[in-house]
Amino acid sequence: MPHNRAMFAYLVRRLLYAIPILIGVNLITFALFFIVNTPDDMARMQLGVKRVTPEAIEKWKAERGYDKPLFVNSAASGMSTVTETIFFEKSVRMVVGDFGRADDGRDIAREIATRMGPSLAIALPTFVLGLFVTVSLALMLAFFRATALDFWGVVLCVAMMSISGLFYIIGGQYLIAKIWRLVPISGFGEGLDAWRFLILPVFIGVISGIGSSARWYRTIFLEEVGKDYVRTARAKGLPETVVFFRHILRNALIPILTGVVVVIPLLFMGSLLTESFFGIPGLGSYTIDAINAQDFAVVRSMVFIGSVLYIVGLILTDISYTLVDPRIRFS
Amino acid sequence: MSDFEIVVLWSDVLIWLLVVASVIGMLAVRRSPPLMAAWRRVGANKAGMASATVLLVFVLIGLLDSLHYRVALEGKPGERKQYAIEVLSVLDAIASPLRLNHEKTYSAPFATRLYAKENIDLPGGGMVRDYPRLRHGGRHLGENENGVGADVALRVTYAAGLAIALWLLLVVAVMRTVHGASWQKIWRGETRLAWHAILVTIGCLLLCALPLLALAPHYHVFGTDKVGQDVFYQILKSVRTALVIGLVTTLVMLPMAVLLGIVAGYFRGWVDDLIQYLYTVLNSIPGVLLIAAAVLMMQVVIDTHPEWFSTAAERADLRLLALCFILGITSWTGLCRLLRGETLKLRELDYIQAAQAFGVSSPRIILRHILPNLMHIVIIALVMDFSGLVLAEAVLSYVGIGVDPSMTSFGTMINNARMELGREPVVWWSLVAAFVAMFVLVLAANLFADAVREAFDPRAA
């Protein structure tokens, strides 16, 4: 079918477009981590600026493989002039999933693989539940548009989005876990036992997202309400509920779903705040620990993985557009 | 008052530059009827004007805190003058009772005694374990510690009375000076500016602020923190940090976003491809991670070059500015994309095609015909970003990639206070005060942004 072939060619083009972007991300992170500051500077900073010997700096660099030239190793011969460099070993190798070792000597790739599970266990339910709750709320506000319910609903949304995310976490944890003792304050369990630890972070995650999302979706619904096909549906004599659930909801879901598809791959990364407050051994807390310990290798790896996941999200968005909206042409 | 030396921090320069720019902007708006009409719509918006009044108070506090100086130390005559290490601001001078009234450690709001028990020497010898009396909180009461309630009530009543009197004077002044603003018209909201909203807001602010100011020199109204500093004073100091983050960041990103967005949309072709590539790459790196990486690198630069900074305040200030730059670089892509799309549409319009046919140069077309038609998008983006940036500062400071730990900000306050929820009895005041102050600021900013968007967005009308 010509349509399928056009779509296939389109997707291949999008995939090819991802390659230069990935190279760009790689170059930026490399420049940020190795050119803005030389490895000598980083060594001096981590070892303490005052009492530091040249030998200690050399040892620090050798331990991490930072003692090689940046781009061209003139001491080596053949292919090694390119491969025995910081750029090749630290940046190019990331593309095949080799992230090297963290400062504590552990393999970063393996650490990431084991920590993805807990991150996803929090992020996925939060995402699905949050989407369901906010879309339902927005639909209700749009259905009762221009009434007191709508007005106070929007006021509540604006108030909720003005509250710091830290407040939801600190306040929720204090009230529900410490005062009411309904769930453990923090921690994580294996297997089915994990739900006791997950329920509070997921609940707080959903609540803290309501304000801005519900208001945004409400605007999308209201934009659909004003369109011609809605008037036609009403003119046919359809009851308002049918107009809303069969026509408006379906059409408004196109911008909403395609808008959220881009964040789905990023769910693997977890949430920095939630994970560190609730002591969940996921990628978010891994990143925070790395930032506080100034473990450059881990932060660099997370930047790279985050970018790859974002690019995957962009491609998924393109695919979802073509699946959801048949009017899209591939050009 | 002794001799002093004026200190100009870099962020002060940028803040006052912003003030000058907004004055020039206002003068320019007067000459442009469509922009003037849009601002009139903002002026008639009740929620918009009420929130603008609140924001103005925050801005005033921030501006007072942006005039810095160093006091000269007492020295022998003939010696070269030495200045204190500590950099103070005009706000510090006004609030000096708050700044100097240090306690030993935590104390609750309106407390007269410390939070923790200590060994106290009795005058007749011997020791007793009790909550020690505060050095400053409620000192004027002397032995009569039970009189706190009555004393506070009395002071609040006086201050509230003064507030009401001041407010009535203000209402009369507005009726006298503003053309066509009679009592009935203000009451029914028929004035051109939403005076009823402004006056009600000012009334509420006066009723809150005057009692607070009357009590602040005698009590720790919001308590004290771990090192005994007054929480109310910290809140006042945090305002400037929040404003700098919210405003200077947009100042940094604006030229880049506007220039690149317009150029990409106007010239198309390879220029467009290049700029699109640039912002897609930057956008691909998740914001927090890019900020974390950049801030870590900035810390290395600052730590390995201690000779660049003569005072700690200067170092903290430069770190704040660097944070603004980093936030700006990571956040310009959204606005740039919007402007590119809009320019693509505009350049196909007849009047621009005609200008091109007449041989008007591209820079001139961009300046005269395209830029003015993009102003509404720029203004909306400016006000929309502010609240997000204020909230982001708190989160970044918590993660450890925010402002310098020595700089007072809502983020550092929350970060220092959150561990204290585990204590028994709970130390809640610093956390609650920071959250409430932040909530008021962000809510006002959000409401104002809504009013501006409603007035400027042609789609909303």
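**Exercise 1. Find what share of the contacts in chain B with a separation of 6 or more comes from residues 24 or more positions apart.**

Solution. Keep in mind that this is a predicted model. Take the contacts in chain B with a separation of 6 or more, then pick out those between residues 24 or more positions apart: they account for 70%. For some background on the chain, count its elements, and you get 16 helices and five strands. Next, look at burial: of the 461 residues in chain B, 40% are buried.

**Exercise 2. Check whether the span of helix H16 of chain B agrees with its number of residues.**

Solution. Start with the stretch: H16(B) covers residues 429-456, which is 28 residues. At 1.5 Å a residue, the helix should span 40 Å. Now go to the end C-alpha atoms, which are 40 Å apart, so the two values agree. While you're there, look at how covered the helix is: 21 of the 28 residues of H16(B) are buried.

**Exercise 3. Work out how helices H3 and H9 of chain B are oriented to each other.**

Solution. Locate H3(B) at residues 46-64 and H9(B) at residues 231-267. Their axes lie 8 Å apart, and the packing angle is about 95°. Angles of 65 to 115 degrees count as roughly perpendicular, so that's the label for H3(B) and H9(B). Who makes the contact? From H3(B) come B:Phe58, B:Val59, B:Ile61 and B:Gly62, while H9(B) brings B:Leu236, B:Val239, B:Arg240 and B:Leu243. Sort these by class and you have six nonpolar residues, one polar and one charged.

**Exercise 4. Describe how strands S4 and S5 of chain B are joined.**

Solution. Find S4(B) at residues 118-121 and S5(B) at residues 127-130. The two strands run antiparallel, with four bridges between them. For a pair across the strands, take B:Asp121, which stands opposite B:Met127 of S5(B). Then follow the hairpin through the five residues between the strands, where B:Gly125 has a positive phi near 90°.

**Exercise 5. Describe the side of chain B that touches chain A.**

Solution. Begin with the counts: 37 residues of chain B contact 42 residues of chain A. Next, see which helices take part: H10, H11, H14 and H16 of chain B each supply at least two residues of that side. The largest share is from H11(B), with twelve residues.

Terms used. Residues numbered from 1 in each chain as written. Chains lettered and ligands numbered in written order. Predicted model: local features only at pLDDT ≥ 70, side-chain atom pairs only at ≥ 80, totals over all residues. Expected span 1.5 Å × (residues − 1). Buried ≥ 20, exposed ≤ 12 C-beta atoms within 10 Å, placed from the backbone. Pairing = 2+ DSSP bridges. Contact = placed C-beta atoms within 7 Å. Axes fitted to C-alpha atoms, helices over the stretch in contact; angles between N-to-C directions. Parallel < 35°, antiparallel > 145°, perpendicular 65-115°, else oblique. Nonpolar A, V, L, I, M, F, W, Y, C, P; charged D, E, K, R; others polar.
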